[in-house]
Structures are given as C-alpha cells and as structure tokens.
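Let's take a friendly walk through a protein structure, from its overall layout down to single residues. Keep the picture in view as you read.

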Amino acid sequence: MQQEDVASGFIFDGFPRTLSQATGLQRLLRQQSQSLNLVLGLSVGEDIRDQRASKSHELGAIGLDYAQAKNQFEEFAQPVQRFYRQLGLFVEVDVSSSLDENLEKIRTQILKFRHPDAANGNIPERKIYSV
C-alpha cells in the first residue's frame with residue numbers, strides 16, 4: 001500500500017472476508033496513516049440469489065451447497081458489513097440488473113465518494129477498470 005502505483009488509491013476485491021481480517025486491516029492502515037474511504041457490498045434479491053446459486057451449483061463452480069453458502073455469509077460477511085456500517089463506510093449496491101447497469105451503479109457510488117457533485121447527478125466521464 002506504500003508503492004508508487006497505488007499512491008492515488010487501490011481496491012480490495014473480496015477482502016476482508018472475516019471480522020478479524022477487517023479489524024486487522026483497520027489497524028494496519030492506521031499504523032500507516034491511511035484509511036479506507038468506502039466499502040461496497042454487492043447484493044441481489046433472494047430470487048436472483050437463488051437462481052445464481054443454483055446455476056453455480058449445477059456448473060460445479062462452488063464446492064458448497066446453497067445452505068452452506070448462506071450459513072457462511074451469515075457467519076462471516078454479515079459481521080464485516082456491520083463493522084463497516086458502524087464506521088460509516090459501507091454502501092450496499094443492488095446488482096440485480098444487467099452487467100452494464102451494475103457497473104454503472106458501482107461507478108456512481110465510487111464517484112459519489114470521489115466527487116461531491118456526483119450526488120447531484122453531475123458525474124464526470126471516466127472509464128471504470130475491472131479489478
């Protein structure tokens with residue numbers, strides 16, 4: 001996090017996954033006089049979640065059945081979300097739409113953080129890069 005190529009910012013994708021990782025990351029960032037600015041949680045409705053979980057299970061993409069995956073979410077992800085909500089950093093983004101619409105929703109949330117005028121719909125044109 002102190003390398004030149006991340007001087008203007010960085011994105012953690014899928015990390016932290018546990019509360020101990022989240023608190024450890026907070027300590028590490030504090031030691032380096034840095035902080036997180038935004039934590040995005042991607043969510044979908046139950047019907048879409050069920051469809052995607054079923055499809056992933058059919059394709060063998062995950063080693064857990066749906067009940068196990070749901071239990072892991074409740075055990076690990078929910079405490080992480082609560083932690084970042086308490087810090088005022090967590091924003092949930094509904095990604096039930098098309099890929100393009102979902103990317104635009106994510107882009108808008110990032111820009112709202114980076115550009116105060118974005119909350120009023122004045123969003124500068126920028127490319128979003130995959131991570």
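Predicted model: local features only at pLDDT ≥ 70, side-chain atom pairs only at ≥ 80, totals over all residues.

The report below begins with the whole chain and then turns to some of its parts.

## The overall layout

If you follow the chain from the N terminus, the elements come in the order α-β-α-α-β-α.

How much of the chain is buried? Of the 131 residues in the protein chain, 21% are buried. The chain exposes about 9,700 Å², and carbon and sulfur atoms supply 49% of that area. Now look at which parts of the sequence meet: among contacts with a separation of 6 or more, 59% are between residues 24 or more positions apart.

## The nonpolar core

The largest nonpolar core has ten residues: Ala22, Leu25, Leu29, Leu36, Val39, Val80, Phe83, Tyr84, Leu89 and Phe90. Helices α1 and α3 (66-86) each supply at least two residues of this core. To find α1 in your view, look for residues 19-31.

Leaving out residues up to four places away in sequence, Leu36 touches Phe12, Leu25, Gln26, Leu29, Tyr84 and Leu89. Is Gln26 buried or exposed? Gln26 counts as buried because its relative accessibility is 16%, which is under the 20% cut-off. Setting aside neighbours within four places in sequence, Gln26 is in contact with Leu36, Phe83, Tyr84 and Leu87.

## A pair of rings

Two aromatic rings are described by how far apart their centres are and by the angle between their planes. In this structure there are two aromatic pairs. One of them joins Phe83 and Tyr84: the ring centres are 5.0 Å apart and the planes stand at 70°, so the pair is edge-to-face. The reasoning rests on the angle, because planes over 60 degrees apart count as edge-to-face.

Phe83 has 16% relative accessibility, while the relative accessible area of Tyr84 is 1%.

## Two salt bridges

Side chains with opposite charges can pair when their charged atoms come close. How many salt bridges does the structure hold? There are two salt bridges.

One links the side chains of Arg85 and Glu92, with a distance of 3.0 Å from N to O. Arg85 is partly exposed at 42% relative accessibility, and Glu92 is partly exposed as well, at 44%. The other salt bridge is formed by Arg107 and Glu104, whose closest N and O atoms are 3.0 Å apart. Arg107 is buried, at 9% relative accessibility, whereas Glu104 is partly exposed, at 37%.

Leu42 belongs to strand β1, which covers residues 39-43. Leu42 counts as exposed because its relative accessible area is 52%, and the exposed class begins over 50%.

What lies across from Leu42? In sequence, Leu42 and Glu92 are 50 residues apart, yet in space their C-alpha atoms are 5.9 Å apart. Apart from neighbours within four places in sequence, Leu42 is in contact with Val93, Val95 and Ile106.

Which residues make the nonpolar surface patch of about 240 Å²? The patch is made by Phe10, Phe12 and Phe15. Phe15 is found in the segment before α1 and is partly exposed, with a relative accessible area of 36%.

Phe15 also takes part in a backbone detail: the peptide bond from Phe15 to Pro16 is cis, with omega near 0°. Pro16, too, lies in the segment before α1. For another detail, visit Ser33 in the loop between α1 and β1. Ser33 is not a glycine, yet its phi is positive, near 55°. Ser33 is also exposed, with a relative accessible area of 71%.

Terms used:
Residues numbered from 1 in each chain as written. Heavy atoms only, no water. Patch = residues over 30% accessible without salt bridge, like charges linked within 9 Å, V, L, I, M, F, W, Y side chains within 5 Å. Areas by Shrake-Rupley, 256 points an atom, 1.4 Å probe, with all protein chains shown as cover. Salt bridge = Lys/Arg side-chain N within 4 Å of Asp/Glu carboxyl O. Helix = DSSP H or I, 4+ residues; strand = E, 2+ residues; numbered from the N terminus. Buried < 20%, exposed > 50% of the residue type's maximum accessible area, 1.4 Å probe, protein only. Phe/Tyr/Trp six-rings, centres within 6.5 Å; stacked < 30°, edge-to-face > 60°. Contact = heavy atoms within 4.5 Å. Core = buried A, V, L, I, M, F, W, Y, C linked by side-chain atoms within 4.5 Å.
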